[in-house]
Amino acid sequence: MAPSSAGYVTALTAAALATVGFLGYQAYATSPAHLAKARTNGTPAITTKTPGGGKNAALLPPGSGTGARVVYSLRGHRVWLVGLGDKVIRTFEVTPGNIAPAPGVYAVTSRSNAVTGSDGTPIEHVVRFTSVDGVAIGFSAAVRDAAPPADDSTTTTVRTGGIRESRADGDVMWTFATIGATVAVIP
């Protein structure tokens, strides 16, 4: 490679890094306050919910990682949104699809504001973090509470990786789990 070509590549690389740095700063600077820092009065920015989960449902499971993250319990069908200082910002029950991710730590890879799920249900605030055998796995909320299909055979043959949450919980997940956010899947 000629010296002028190497200088050109170096300049392009520097410009790309500067752009990524600027966009990262811009995302940080415009993020909601409850994600950027802890509240001074000691209360979470978003109230913790424990719908039908008992008094211990809001407790963050041990061994679920550290730092800001989404924690998803496969057995418990529950999600915790964890902010700085390992403070639970919100917890809620979810309904998983029939394809599950392996326990581990993932990062949010893509998001869609509104799409149709693999089961034909209109969904919103889709936050994807992995795939299993070509099936995308992520959190989403049904746009409307649809009645189950009359023919139950479709529910067993359609492979779904959607982890369904309420629309209110989906709104909070959408704000919290941006691209690159950590998702810890625990048994």
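Trainee: Let me start with two strands: how many bridges join β1 to β2?

Mentor: There are 5 bridges between β1 and β2, and the two strands run antiparallel. Strands are DSSP runs of E with at least two residues, helices are runs of H or I with at least four residues, and both are numbered from the N terminus. Two strands count as a pair if DSSP finds at least two bridges between them.

Trainee: What should I know about the model before I go on?

Mentor: This is a predicted model, in which local features need pLDDT of at least 70 and side-chain atom pairs count only at pLDDT 80 or more, while totals for chains, interfaces and linings use all residues. Residues are numbered from 1 along each chain as its sequence is written, and side-chain values use heavy atoms, leaving out hydrogens and water.

Trainee: And what is the mean pLDDT of the chain?

Mentor: pLDDT is the predictor's confidence in each residue, from 0 to 100. The chain has a mean of 76, with 63% of its residues at 70 or more. Residues 16-53 stay under 50, and the model has 42 contacts beyond four places in sequence for them; a contact means heavy atoms within 4.5 Å. Residues 146-155 are also below 50, with 3 contacts in the model beyond near neighbours in sequence. Where pLDDT is low, the predicted coordinates should not be read in detail.

Trainee: How many helices and strands does the chain have?

Mentor: The chain has 4 helices and 9 strands. Read from the N terminus, they follow the pattern α-α-β-β-β-β-β-β-β-α-β-α-β.

Trainee: What is the strand order in the open sheet of 5 strands?

Mentor: The order is β3-β2-β1-β9-β4, and the pairing is mixed. β3 and β4 each have a single partner strand, so one side of each is left without a neighbour in the sheet. On average, neighbouring strands here are turned by 20° against each other, direction ignored. β2 and β3 are antiparallel and share 5 bridges, including the one from W80 to T91 in β3. β4 and β9 also run antiparallel, joined by 4 bridges; A107 has T182 in β9 as its bridge partner.

Trainee: And which strands make up the open sheet of 4 strands?

Mentor: That sheet has the order β5-β6-β7-β8, with mixed pairing. At its edges are β5 (110-116) and β8 (162-165); each has a single partner strand, so one side of each lacks a neighbour in the sheet.

Trainee: How many of the residues of β2 are buried?

Mentor: Buried means under 20% relative accessible area, exposed over 50%, and partly exposed in between (1.4 Å probe, protein chains only). In β2, 5 of the 5 residues are buried, so the strand is largely enclosed by the rest of the structure. R78, W80 and V82 point one way, while V79 and L81 point the other way. For contrast, look at V105 in strand β4: at 66% relative accessibility, V105 counts as exposed. Beyond its neighbours within four places in sequence, V105 is in contact with T182, V183 and A184.

Trainee: Which residues have the most contacts inside the largest nonpolar core?

Mentor: A nonpolar core is a set of buried Ala, Val, Leu, Ile, Met, Phe, Trp, Tyr and Cys residues joined through side-chain atoms within 4.5 Å. The largest one here has 25 residues, and V70, V79, F139 and M173 have the most contacts inside it. α4 gives the most to this core, with 4 residues. M173 touches V70, V79, L81, F92, V127, F139 and E165, leaving out residues up to four places away in sequence. Another core, of 6 residues, lies apart from it and includes W80, V82, V88 and I186.

Terms used: Axes are lines fitted to C-alpha atoms, for helices over the stretch in contact, and angles run from 0 to 180 degrees between N-to-C directions.
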